[in-house]
Amino acid sequence: MQIKEAKYETTAVKPEQYPKRYLPEVAWVGRSNVGKSSIINALLYRKSLARASATPGKTREINFYLVNEALYFVDLPGYGYARVSQAAKEAWGRMIETYLQTREQLQLIVMLVDIRHAPSNEDQVMYAWLAAQERPSLVVATKLDKIPRGQIPIRLRTIREVLGMAAEAPVIPFSAVTGQGRDEIWRQIEGVIGL
Ligand code: GDP
(Lines give C-alpha, C1' and ligand atoms only; values in the text may rest on other atoms or scores of the structure.)
Protein backbone atom coordinates (compact mmCIF):
# COMPACT_ATOMS: atom_id res chain seq x y z
CA MET A 1 0.00 0.00 0.00
CA GLN A 2 1.31 3.38 -0.91
CA ILE A 3 1.03 5.76 2.03
CA LYS A 4 0.01 9.16 0.72
CA GLU A 5 -1.03 10.57 4.05
CA ALA A 6 -0.95 9.40 7.65
CA LYS A 7 -1.92 11.60 10.55
CA TYR A 8 -2.90 11.45 14.18
CA GLU A 9 -6.57 12.12 14.51
CA THR A 10 -7.72 11.73 18.09
CA THR A 11 -7.36 10.10 21.50
CA ALA A 12 -10.20 8.35 23.27
CA VAL A 13 -10.91 6.72 26.58
CA LYS A 14 -14.62 6.14 25.93
CA PRO A 15 -16.82 5.45 22.90
CA GLU A 16 -18.20 9.00 22.61
CA GLN A 17 -14.63 10.08 21.80
CA TYR A 18 -14.05 7.59 18.97
CA PRO A 19 -13.97 9.12 15.46
CA LYS A 20 -17.41 9.69 13.98
CA ARG A 21 -16.38 8.77 10.44
CA TYR A 22 -17.26 5.27 9.38
CA LEU A 23 -14.02 3.90 7.92
CA PRO A 24 -12.51 0.44 8.32
CA GLU A 25 -10.31 0.13 11.41
CA VAL A 26 -7.26 -2.02 12.13
CA ALA A 27 -6.53 -2.36 15.86
CA TRP A 28 -3.08 -3.05 17.33
CA VAL A 29 -2.74 -4.85 20.66
CA GLY A 30 0.13 -6.28 22.69
CA ARG A 31 2.20 -6.00 25.83
CA SER A 32 3.75 -2.65 26.57
CA ASN A 33 7.21 -2.41 25.01
CA VAL A 34 6.45 -5.13 22.45
CA GLY A 35 7.10 -2.66 19.61
CA LYS A 36 3.58 -1.40 18.88
CA SER A 37 4.52 2.21 18.25
CA SER A 38 7.46 1.07 16.15
CA ILE A 39 5.39 -1.16 13.87
CA ILE A 40 2.71 1.48 13.36
CA ASN A 41 5.39 4.01 12.41
CA ALA A 42 7.13 1.48 10.13
CA LEU A 43 3.93 0.54 8.30
CA LEU A 44 3.13 4.21 7.78
CA TYR A 45 6.72 5.12 6.85
CA ARG A 46 6.86 7.65 9.67
CA LYS A 47 9.51 8.12 12.31
CA SER A 48 7.44 9.11 15.31
CA LEU A 49 3.77 9.44 14.50
CA ALA A 50 2.90 6.85 17.15
CA ARG A 51 4.65 7.22 20.47
CA ALA A 52 4.83 4.90 23.42
CA SER A 53 3.75 6.50 26.66
CA ALA A 54 6.75 7.88 28.52
CA THR A 55 5.23 6.93 31.85
CA PRO A 56 4.55 3.23 32.14
CA GLY A 57 1.48 2.63 34.25
CA LYS A 58 -0.18 5.97 33.91
CA THR A 59 -3.70 5.83 32.52
CA ARG A 60 -3.39 4.98 28.90
CA GLU A 61 -5.54 5.92 25.99
CA ILE A 62 -6.67 4.75 22.57
CA ASN A 63 -5.07 6.66 19.70
CA PHE A 64 -6.56 6.84 16.21
CA TYR A 65 -4.40 7.45 13.12
CA LEU A 66 -6.04 8.23 9.80
CA VAL A 67 -4.33 6.61 6.80
CA ASN A 68 -4.91 7.88 3.24
CA GLU A 69 -8.37 9.10 4.33
CA ALA A 70 -9.33 5.44 3.85
CA LEU A 71 -8.80 3.61 7.14
CA TYR A 72 -7.83 4.07 10.75
CA PHE A 73 -5.00 2.43 12.65
CA VAL A 74 -6.16 2.13 16.24
CA ASP A 75 -3.39 1.95 18.82
CA LEU A 76 -4.75 0.27 21.94
CA PRO A 77 -2.91 0.75 25.24
CA GLY A 78 -0.31 -1.94 25.95
CA TYR A 79 -0.95 -4.44 28.71
CA GLY A 80 1.37 -6.20 31.12
CA TYR A 81 2.89 -3.49 33.28
CA ALA A 82 4.00 -5.42 36.35
CA ARG A 83 3.89 -2.43 38.69
CA VAL A 84 0.42 -1.22 37.89
CA SER A 85 -2.38 -1.41 40.46
CA GLN A 86 -5.20 -3.91 40.07
CA ALA A 87 -7.62 -1.02 39.62
CA ALA A 88 -5.56 0.36 36.73
CA LYS A 89 -5.41 -3.07 35.11
CA GLU A 90 -9.16 -3.38 35.34
CA ALA A 91 -9.67 0.08 33.86
CA TRP A 92 -7.35 -0.90 31.00
CA GLY A 93 -9.28 -4.12 30.48
CA ARG A 94 -12.61 -2.35 30.32
CA MET A 95 -11.32 0.28 27.90
CA ILE A 96 -9.96 -2.15 25.35
CA GLU A 97 -12.76 -4.63 25.79
CA THR A 98 -15.33 -1.92 25.15
CA TYR A 99 -13.55 -0.89 21.97
CA LEU A 100 -12.95 -4.43 20.68
CA GLN A 101 -16.44 -5.64 21.45
CA THR A 102 -18.51 -2.70 20.33
CA ARG A 103 -16.72 -1.05 17.41
CA GLU A 104 -18.67 -2.06 14.34
CA GLN A 105 -16.15 -0.88 11.76
CA LEU A 106 -13.28 -2.78 13.38
CA GLN A 107 -12.19 -5.22 10.69
CA LEU A 108 -8.85 -6.63 11.79
CA ILE A 109 -7.08 -7.03 15.12
CA VAL A 110 -3.30 -7.37 14.97
CA MET A 111 -1.75 -8.88 18.08
CA LEU A 112 1.96 -8.36 18.62
CA VAL A 113 4.32 -10.67 20.47
CA ASP A 114 8.08 -10.40 20.93
CA ILE A 115 9.78 -13.11 18.86
CA ARG A 116 12.44 -13.58 21.55
CA HIS A 117 10.09 -14.65 24.33
CA ALA A 118 7.38 -17.22 24.88
CA PRO A 119 4.02 -15.43 25.05
CA SER A 120 3.00 -14.37 28.59
CA ASN A 121 -0.15 -15.39 30.43
CA GLU A 122 -1.73 -12.11 29.40
CA ASP A 123 -0.83 -12.82 25.77
CA GLN A 124 -2.49 -16.21 26.08
CA VAL A 125 -5.64 -14.68 27.51
CA MET A 126 -5.68 -12.04 24.78
CA TYR A 127 -5.21 -14.59 22.01
CA ALA A 128 -7.82 -16.97 23.42
CA TRP A 129 -10.26 -14.08 23.35
CA LEU A 130 -9.29 -13.14 19.77
CA ALA A 131 -9.60 -16.70 18.53
CA ALA A 132 -13.03 -17.10 20.09
CA GLN A 133 -14.55 -13.98 18.52
CA GLU A 134 -15.73 -13.47 14.96
CA ARG A 135 -13.42 -10.84 13.55
CA PRO A 136 -10.24 -11.65 11.63
CA SER A 137 -7.02 -11.40 13.61
CA LEU A 138 -3.35 -11.68 12.85
CA VAL A 139 -0.33 -12.41 15.04
CA VAL A 140 2.89 -10.54 14.32
CA ALA A 141 6.19 -11.54 15.96
CA THR A 142 8.20 -8.35 16.43
CA LYS A 143 11.94 -7.63 16.84
CA LEU A 144 12.90 -10.23 14.28
CA ASP A 145 16.33 -8.60 13.83
CA LYS A 146 17.19 -9.43 17.45
CA ILE A 147 17.50 -13.18 16.96
CA PRO A 148 19.81 -15.21 14.70
CA ARG A 149 18.15 -16.39 11.48
CA GLY A 150 18.55 -20.03 12.44
CA GLN A 151 16.35 -19.55 15.49
CA ILE A 152 13.37 -18.10 13.64
CA PRO A 153 11.48 -21.38 12.99
CA ILE A 154 11.74 -22.62 16.57
CA ARG A 155 10.68 -19.24 17.98
CA LEU A 156 7.67 -19.10 15.71
CA ARG A 157 6.78 -22.66 16.66
CA THR A 158 6.95 -21.77 20.37
CA ILE A 159 4.65 -18.79 19.84
CA ARG A 160 2.13 -20.95 17.98
CA GLU A 161 2.23 -23.65 20.64
CA VAL A 162 1.98 -21.36 23.66
CA LEU A 163 -0.88 -19.39 22.12
CA GLY A 164 -2.57 -22.58 20.96
CA MET A 165 -2.92 -21.31 17.39
CA ALA A 166 -4.71 -23.23 14.67
CA ALA A 167 -2.46 -24.49 11.85
CA GLU A 168 -3.96 -22.08 9.31
CA ALA A 169 -3.67 -18.98 11.52
CA PRO A 170 -0.81 -16.78 10.33
CA VAL A 171 2.17 -15.54 12.37
CA ILE A 172 4.21 -12.95 10.50
CA PRO A 173 7.76 -12.18 11.66
CA PHE A 174 8.55 -8.47 11.53
CA SER A 175 11.42 -6.08 12.19
CA ALA A 176 10.95 -2.35 12.56
CA VAL A 177 14.70 -1.99 12.03
CA THR A 178 14.96 -3.74 8.65
CA GLY A 179 11.32 -3.43 7.55
CA GLN A 180 11.18 -7.18 6.97
CA GLY A 181 7.57 -8.40 7.10
CA ARG A 182 6.08 -4.99 6.30
CA ASP A 183 4.80 -5.90 2.82
CA GLU A 184 3.28 -9.13 4.05
CA ILE A 185 1.45 -7.34 6.87
CA TRP A 186 0.10 -4.77 4.41
CA ARG A 187 -1.03 -7.61 2.12
CA GLN A 188 -2.97 -9.14 5.00
CA ILE A 189 -4.54 -5.80 5.94
CA GLU A 190 -5.50 -5.10 2.32
CA GLY A 191 -6.90 -8.61 1.96
CA VAL A 192 -9.19 -8.19 4.96
CA ILE A 193 -10.26 -4.62 4.29
CA GLY A 194 -10.54 -5.10 0.53
CA LEU A 195 -8.48 -2.05 -0.40
P1 GDP B 1 5.47 -0.12 22.51
O2 GDP B 1 5.55 0.17 23.98
O3 GDP B 1 4.83 -1.45 22.25
O4 GDP B 1 4.86 0.98 21.69
O5 GDP B 1 6.98 -0.34 22.01
P6 GDP B 1 7.97 0.61 21.18
O7 GDP B 1 7.57 0.64 19.74
O8 GDP B 1 8.12 1.90 21.88
O9 GDP B 1 9.31 -0.26 21.28
C10 GDP B 1 9.89 -0.61 22.52
C11 GDP B 1 11.40 -0.72 22.36
O12 GDP B 1 11.71 -1.77 21.46
C13 GDP B 1 12.02 0.54 21.75
O14 GDP B 1 13.28 0.72 22.33
C15 GDP B 1 12.14 0.19 20.27
O16 GDP B 1 13.20 0.87 19.64
C17 GDP B 1 12.44 -1.29 20.33
N18 GDP B 1 11.94 -1.99 19.12
C19 GDP B 1 10.67 -2.02 18.66
N20 GDP B 1 10.59 -2.77 17.54
C21 GDP B 1 11.84 -3.23 17.28
C22 GDP B 1 12.41 -4.07 16.26
O23 GDP B 1 11.73 -4.56 15.35
N24 GDP B 1 13.75 -4.32 16.34
C25 GDP B 1 14.52 -3.82 17.34
N26 GDP B 1 15.81 -4.13 17.34
N27 GDP B 1 14.02 -3.02 18.31
C28 GDP B 1 12.71 -2.74 18.30
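**A mixed open sheet and its covering helices**

Just after helix H1, Tyr-45 adopts a positive phi of about 55 degrees; helices (DSSP runs of H or I, at least four residues) and strands (runs of E, at least two) are numbered from the N terminus. The structure is a predicted model, in which local features need pLDDT of at least 70, side-chain atom pairs count only at pLDDT 80 or more, and totals for chains, interfaces and linings use all residues. Residues are numbered from 1 along each chain as its sequence is written. The mean pLDDT of the protein is 92, and 95% of its residues reach 70 or more, pLDDT being the predictor's confidence in each residue on a scale from 0 to 100. For the complex, the predictor gives an ipTM of 0.99 and a pTM of 0.95.

Tyr-45 belongs to the loop between helix H1 (36-43) and S3. Most residues other than glycine have a negative phi. Tyr-45 counts as exposed because it has 12 C-beta neighbours inside 10 Å; a residue is buried if 20 or more other C-beta atoms lie within 10 Å of its own, exposed if 12 or fewer, and partly exposed in between, with C-beta atoms placed from the backbone. Helix H1 itself has 6 of its 8 residues buried, so it is largely enclosed by the rest of the structure. The buried residues of H1 are Lys-36, Ser-37, Ile-39, Ile-40, Ala-42 and Leu-43, and their cover includes S2, S3, S4, S5, S6 and H5.

The sheet comes next. Its 7 strands form an open arrangement in the order S1-S3-S4-S2-S5-S6-S7, with mixed pairing; two strands pair if DSSP finds at least two bridges between them. Strand S1 (6-12) and strand S7 (171-173) stand at the edges with a single partner strand each, so one side of each is left without a neighbour in the sheet. Neighbouring strands are turned against each other by 25 degrees on average, direction ignored.

Within this sheet, strand S3 (residues 62-67) pairs with strand S4 (residues 71-75) in the antiparallel sense over 5 bridges. Val-67 has Leu-71 of S4 as its bridge partner, and Tyr-65 stands opposite Phe-73 in S4. The hairpin of S3 and S4 has 3 residues between the strands, and Asn-68 takes a positive phi near 50 degrees there. Asn-68 counts as partly exposed, because 14 C-beta neighbours lie inside 10 Å. On another side of the pairing scheme, S2 and S4 run parallel and are joined by 4 bridges, with Asp-75 of S4 as the bridge partner of Trp-28. In S4, 5 of the 5 residues are buried, so the strand is largely enclosed by the rest of the structure. Leu-71, Phe-73 and Asp-75 point one way from S4, whereas Tyr-72 and Val-74 point the other way.

Helix H4 (residues 152-163) lies across strand S5 (106-114), strand S6 (137-142) and S7, running at about 145 degrees to S7. Helix H5 (residues 182-193) packs on the sheet and touches strand S2 (25-30), S4, S5, S6 and S7, its direction making about 155 degrees with that of S5. Contact requires C-beta atoms, placed from the backbone, within 7 Å; axes are lines fitted to C-alpha atoms, for helices over the stretch in contact, and angles run from 0 to 180 degrees between N-to-C directions.

Of the 41 residues in the largest nonpolar core, Trp-28, Val-74, Val-110, Met-111 and Val-140 touch the most other members. Such a core is a set of buried Ala, Val, Leu, Ile, Met, Phe, Trp, Tyr and Cys residues joined through C-beta atoms within 7 Å. S5 gives the most to this core, with 5 residues.

Definitions and conventions
Contact = placed C-beta atoms within 7 Å.
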